[in-house]
Amino acid sequence: MRIDILTLFPQMFQSPLSTGIFKRAVDRNLLEIKVTNIRDHTHDKHHTVDDYPYGGGAGMVLKPEPVFETLEAITADMSREQGAVPVPIILLTPLGRLFSQEIALELSQYSRLVLICGHYEGVDERLREHLVTDEISIGDYVLSGGELAAMVVTEAVIRLVPGVLGSEASAIDDSHATGILEYPQYTRPPEYRGWTVPEVLLSGNHARIARWHREQSIVRTLKRRPELLDKVNLTAEDRQLIDRLRQA
Ligand code: ADE
C-alpha cells in the first residue's frame, strides 16, 4: 500500500513514521508513505499557502493552487502506476464522515490513498468540489490541523493490511473489529498482591475459555457501549446472556 500525505507540517510526521508499526510496515515493504510539503508547491517569494476569506470572517483559508499542484506532482506517476483504479483523495476535516473501524477496513482495501491535512480555519471550497473525493473527521472536536487525524487514520488502516501486524489474530479480536469490546486480558503472574487471574483462563479448556471471552465481551459492551450491541450479529446464547444481565 502507498499512502501520500499532503501537509504544511511534514516534520510532525518524522518521529511517528520512524517508530513502531509504521516503521515495521515500511521495513517489510508492505507500506510506502510519502509526506509532501504543500508549501513546496508555491511560486511566490513568500511561499504563500493561505489568504483571507472572501466576504470576511475570522482566520485564514488554505489556497487552492498549492494543494492542486502538490497533488498533480504526486499523481503524475499515479496514472502510469495505477491505471484506471480510482485513488481516494481524502481531506481530514471536522466536517467529514466520522471515522470508524468500518471505514478503516474500507480504506485498507485500496493499494493507494492520498490524505490531505487541512489547516487554518478552512480550505477553499473548490478543493472539496473538484479535488477531494472523501472527507473524514476523527471525532467531534476541533484540532488545529489534519496532521494528527491523518496519523490516526493511517495507523488504523495499515494495521489491517495483511502482514503488518505480527499476528493477524490480534487484529481480529480487537475491540471494534468484532463489533463489540475486547474481553479482559491477564498475563503472568497468576497471583499478584493477592489478586488472582480468573480460574477459567488457567483451566486449559479452550471451549470454556472461548465462551468466557465472549461473555466478558458482552458484559463489558453492555456496561460501557450498549449501543454497539444493536449493530452486531448475536447468537441465541448471546441474547440469553444479555436478557439475564439486563434483568439482574
Ligand atoms: N482537523 C481539525 N479537526 C479535525 C478532526 N476532528 N478530524 C479530522 N481532521 C481535523
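Two strands pair if DSSP finds at least two bridges between them. Strands (E, at least two residues) and helices (H or I, at least four) are DSSP runs, numbered from the N terminus. This is a predicted model: local features need pLDDT of at least 70, side-chain atom pairs count only at pLDDT 80 or more, and totals for chains, interfaces and linings use all residues. Residues are numbered from 1 along each chain as its sequence is written, and side-chain values use heavy atoms, with hydrogens and water left out.

**Stop 1: strand β5**

Select β5 (89–98) and β6 (112–117). The two strands run parallel, joined by 4 bridges. Pick Ile90: Leu115 in β6 stands opposite. Across from Arg97 you will find Ile136 of β8.

**Stop 2: strand β1**

Next, select β1 (2–7). Parallel strand β2 (residues 32–37) is joined to β1 by 6 bridges. The bridge partner of Arg2 is Glu32 in β2. β1 also pairs with β6, again in the parallel sense, over 5 bridges. There, Ile3 stands opposite Leu113.

Is β1 enclosed or open? Buried means under 20% relative accessible area, exposed over 50%, and partly exposed in between (1.4 Å probe, protein chains only). In β1, 6 of the 6 residues are buried, so the strand is largely enclosed by the rest of the structure. In a regular strand the side chains alternate between the two faces of the sheet. In β1, one side carries Arg2, Asp4 and Leu6, the other Ile3, Ile5 and Thr7, and all are buried.

**Stop 3: the cores**

A nonpolar core is a set of buried Ala, Val, Leu, Ile, Met, Phe, Trp, Tyr and Cys residues joined through side-chain atoms within 4.5 Å. The largest one here has 32 residues. Highlight Ile3, Phe99, Leu107 and Ile136, which touch the most other members. Elements giving two or more residues to this core include β1, β5, β6 and α2 (20–27). α6 provides the largest share, 7 residues.

Zoom in on Leu107. Contact means heavy atoms within 4.5 Å. Beyond four places in sequence, Leu107 contacts Met1, Ile90, Phe99, Leu113, Ile136, Val153 and Val157. Apart from this core lies another, of 18 residues, with Ile38, Val49, Ile74 and Val87 among them.

**Stop 4: the ligand**

For Thr93 the distance is 3.2 Å. For Ile138 it is 3.0 Å. For Gly139 it is 3.1 Å. The protein covers 97% of the 260 Å² of accessible area that the ligand has on its own (Shrake-Rupley method, 1.4 Å probe).

**Stop 5**

Select the open sheet of 3 strands, in the order β3-β4-β7, with mixed pairing. β3 (50–51) and β7 (122–123) stand at the edges; each has a single partner strand, so one side of each is left without a neighbour in the sheet. β3 and β4 (residues 61–62) run antiparallel, joined by 2 bridges. Asp50 has Leu62 as its bridge partner in β4.

**Last stop: Ser217**

Go to helix α8 (residues 206–224) and pick Ser217. Ser217 is buried, at a relative accessible area of 6%. Not counting residues up to four places away in sequence, Ser217 touches Ile180, Leu181, Glu182 and Tyr183.

Conventions: A polar contact is a pair of N or O atoms within 3.5 Å; within protein, one must be able to donate a hydrogen and the other to accept it, and residues adjacent in sequence count only if both atoms are side-chain atoms.
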